[in-house]
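The sequence and the structure are shown first, and the description follows.

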Amino acid sequence: MRSFTYERARTPAEAAASAMRKPDAKFIAGGTNLLDLMKLEIETPAHLIDVNGLALDKIEPTQEGGLRIGALVRNTDLAADTRVRRDYGVLSRALLAGASGQLRNMATTAGNLLQRTRCPYFYDTNQSCNKRKPGSGCAAIGGFSRQHAVVGASEACIATHPSDMAVAMRALDATVETVRPDGPTRTIPIAEFYRLPGDTPHIETTLMPGELITAVTLPKPVGGKQIYRKVRDRASYAFALVSVAAIVQRDGTGRVALGGVAHKPWRVEAAEAQMPNGAKAVAERLFADARPTRQNAFKLALAERTLGAVLAEAKG
Ligand SMILES: Cc1cc2nc3c(=O)[nH]c(=O)nc-3n(C[C@H](O)[C@H](O)[C@H](O)COP(=O)(O)OP(=O)(O)OC[C@H]3O[C@@H](n4cnc5c(N)ncnc54)[C@H](O)[C@@H]3O)c2cc1C
Ligand code: SF4
């Protein structure tokens with residue numbers, strides 16, 4: 001691990017100002033992803049700004065009838081919150097499908113959104129990886145690509161986003177609240193938060209360098225049957241091959257977002273109009289531009305079948 005300096009920020013403004021002063025700084029929350037990456041020298045911040053002392057660990061109702069989740073709310077606490085379990089069941093289920101109990105006790109809302117890909121070549125510093133080292137190539141293209149993206153990928157990167165929570169947040173139309181390093185605050189709809197890889201797979205979100213996430217806001221509950229189904233290689237402690245977050249109303253309409261298939265949670269609003277017509281019709285729209293590799297083409301059939309199972313479960 002490279003040496004670094006460390007400070008504990010006391011307010012969001014102080015954290016943001018520190019990030020402004022030190023361009024090589026990173027925020028650290030639960031540390032469950034960042035520390036692993038630092039040990040492997042994939043992330044090499046010169047300075048760590050510990051945000052755990054910021055008072056961002058509350059879940060509060062909003063005036064609009066939704067919920068404001070502080071950036072530091074731990075995944076365990078968010079999944080167990082009675083309001084989340086009652087009104088945003090898809091979020092609670094997605095959180096519980098991720099990682100392990102101990103990891104969820106440490107992992108935070110903001111850290112979970114910003115965790116890096118689990119592409120094995122990204123973690124292996126002997127391999128070329130445009131996301132780790134821009135311009136170096138992509139060892140996954142032509143390599144072992146069973147877990148990689150089937151849609152929205154580019155010639156530069158075919159990685160998937162690993163978060164389960166983010167898939168549910170996308171289905172729920174969450175909004176990310178931030179403080180920019182130069183001071184102003186802003187809100188970013190989750191639909192505009194993640195980027196596709198394009199030519200710059202190392203730039204994963206629309207955050208500015210040093211921009212601090214302070215909260216994630218959920219709109220008023222939309223009701224419906226809320227399901228999160230994750231298909232993976234083993235029953236726990238594994239990332240999704242395919243996951244489906246669904247909110248299905250009594251008349252069969254609703255929303256679906258998929259994990260494990262793209263560089264970001266994959267939701268195509270036009271596909272949702274097909275929900276009353278069944279999984280095949282939805283999948284055709286979701287994957288109209290899919291370009292799987294020979295090794296991961298199975299994900300298209302798997303996604304359609306998982307979607308079918310979820311829609312059948314929603315019908316009861
Ligand atoms: C063995 C293992 C299995 C796992 N399995 C799953 C799984 O199945 N599903 C799943 O979804 N996840 C899984 N995870 C990932 C886990 O959920 C993440 O590591 C965790 O959510 C990251 O949160 P953190 O608070 O620890 O983030 P940190 O490691 O502290 O930070 C992660 C990133 O977020 C940035 N950051 C943190 N807080 C802020 C903030 N307020 N504003 C701006 N930037 C910030 C950091 O700078 C860093 O870049 C697994 C992890 C491990 C180690
Ligand atoms: S798929 Fe993306 S993360 Fe994986 S090796 Fe290629 S560039 Fe790196």
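What volume does the second largest cavity have? The second largest cavity has a volume of about 50 Å³.

## Basis of the report

This is a predicted model, in which local features need pLDDT of at least 70 and side-chain atom pairs count only at pLDDT 80 or more, while totals for chains, interfaces and linings use all residues. Residues are numbered from 1 along each chain as its sequence is written, chains are lettered from A and ligands numbered from 1 in the order in which they are written, and side-chain values use heavy atoms, with hydrogens and water left out.

## Overall form

The protein contains 12 helices and 11 strands (DSSP runs numbered from the N terminus: H or I of at least four residues for helices, E of at least two for strands). Its C-alpha atoms fill a box of roughly 55 × 50 × 35 Å along the principal axes.

## Cavities

Four cavities of 30 Å³ or more are present. On a 1 Å grid over the protein atoms alone, a cavity is a set of points where a 1.4 Å probe fits but cannot get out, and a pocket is an open set with protein on both sides within 12 Å along at least five of seven lines; lining residues have an atom within 4 Å of a point. Points are joined across faces, edges and corners, and a volume is the space filled by probe spheres set on them.

The largest cavity has a volume of about 80 Å³. Its lining has 16 residues, and C119, C129, C138, A140 and C157 are the closest to its centre. The second largest cavity is lined by Q115, R116, T117, K131, A159, T160, H161, E204 and H263.

## The second largest pocket

The second largest pocket has a volume of about 270 Å³. Of the 24 residues that line this pocket, R118, Q147, F239, A240 and L241 lie nearest its centre.

## Ligand 1

Around ligand 1 there are 32 residues, of which F27, G31, T32, T108 and D164 come nearest (a residue is near if one of its heavy atoms lies within 4 Å). Strand 2 (25–28), helix 7 (109–113) and strand 8 (212–218) each supply at least two residues of this shell.

Oxygen atoms of ligand 1 lie 2.9 Å from a backbone N or O atom of G30 and 3.0 Å from one of A99. A polar backbone atom of I213 is 2.9 Å from a nitrogen atom of the ligand.

Methods:
A polar contact is a pair of N or O atoms within 3.5 Å; within protein, one must be able to donate a hydrogen and the other to accept it, and residues adjacent in sequence count only if both atoms are side-chain atoms.
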